[in-house]
Amino acid sequence: MNRAVELDIGLVVAGHGRHYTVETPEGKRLTCSPRGKKSDCVVGDRVRWMPAGGGEGVIEAVEPRRNLMFRQDDWKTKSFAANLDQLLVLVAAEPVFSESQLARALIAAEAAGIPAAIVLNKADLPAIEAARKRLAPYAAMGIAVHEMALKARPGPSREMLSPLLQGRATLVLGPSGTGKSTLINLLVPHASAQVGEISRVLNSGRHTTTTTAWYWIDEARTSALIDSPGFQEFGLRQVDAQQLPALMADFRQPSTQCRFYNCTHVKEPGCGVLAAVARGEITEQRHRIYTEILAELQRSRY
């Protein structure tokens, strides 16, 4: 019999070091470790595993991925999750969010072929007007922006989010203080129990602050939220500098209107992007973010 036929299939729902929580199709969770020294599993992976005794298992192979959301700097690659249906970038009226980090997350999602939307939380605060104004260019370029107050108005927030998440595996990214924990607790039945179960399986005890976690929203296990730790930096070394304009919705069409085929859209004459900036179709802030990322991508790697 083919060895692959004998292996069980499982879903990686959490990881800690070289230990992973793998969920079987029946919903049972157990600790698995990869065979060999290399560990390249991420949350959302479908894996082939076999029992190893003591209620644990060995991961023998990772099934081909539909996509992978990750960030990459000069020194390392940090994977968030695989096989996603969408990304929600969570920002808030307060604290003031980094537009550069928002743009980078959206670029990474576009590069990975993952649809993305923005959730603007704390819409009950006076600062919402300023946050709404900052996000207006993103709404104008076709990115959905959903305003809500997760803590102040939980009922309407749940009603707004539920259809967006139904039947999908959704990664939630956002800095601390924006309301990710509130969102998880609002939508996930027995969220603390799921966290406790993962921690027990991994023996980690501090799972939620250090690793990505997969939460089922419904008992049928058809809709999932994937929570990931916050981050201070979001490198995009996986992106080719020449492809960057095509990954930014407001740059995509103007970048095809340049006089020179190798235009960098920074200072060249006859540049379609600079013309769009002059017309107000691309904001100066968005162009500053583009030039910042471009300079990083053109910098020599050490």
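Tutor: Helices are DSSP runs of H or I with at least four residues, strands are runs of E with at least two, and both are numbered from the N terminus. Just after H3, glycine 142 has a positive phi of about 100 degrees. The model is predicted, so local features need pLDDT of at least 70, side-chain atom pairs count only at 80 or more, and totals for chains, interfaces and linings use all residues. Residues are numbered from 1 along each chain as its sequence is written, and side-chain values use heavy atoms, without hydrogens or water.

Student: Why is H2 called largely enclosed by the rest of the structure?

Tutor: Buried means under 20% relative accessible area (1.4 Å probe, protein chains only). Of the 14 residues of H2, 11 are buried, so H2 is largely enclosed. Among them are Glu99, Arg104 and Ile107. Their cover includes S8, S9, H3 and H10.

Student: How do you know that the length of H3 agrees with its 13 residues?

Tutor: The expected span is 1.5 Å times one less than the number of residues. For H3 that gives 18 Å, and its end C-alpha atoms are 18 Å apart, which agrees.

Student: What makes H4 and H5 roughly perpendicular?

Tutor: Angles of 65 to 115 degrees count as roughly perpendicular. H4 and H5 pack at about 80 degrees, with axes 10 Å apart, and are therefore roughly perpendicular.

Methods: Axes fitted to C-alpha atoms, helices over the stretch in contact; angles between N-to-C directions. Parallel < 35°, antiparallel > 145°, perpendicular 65-115°, else oblique. Buried < 20%, exposed > 50% of the residue type's maximum accessible area, 1.4 Å probe, protein only. Contact = heavy atoms within 4.5 Å.
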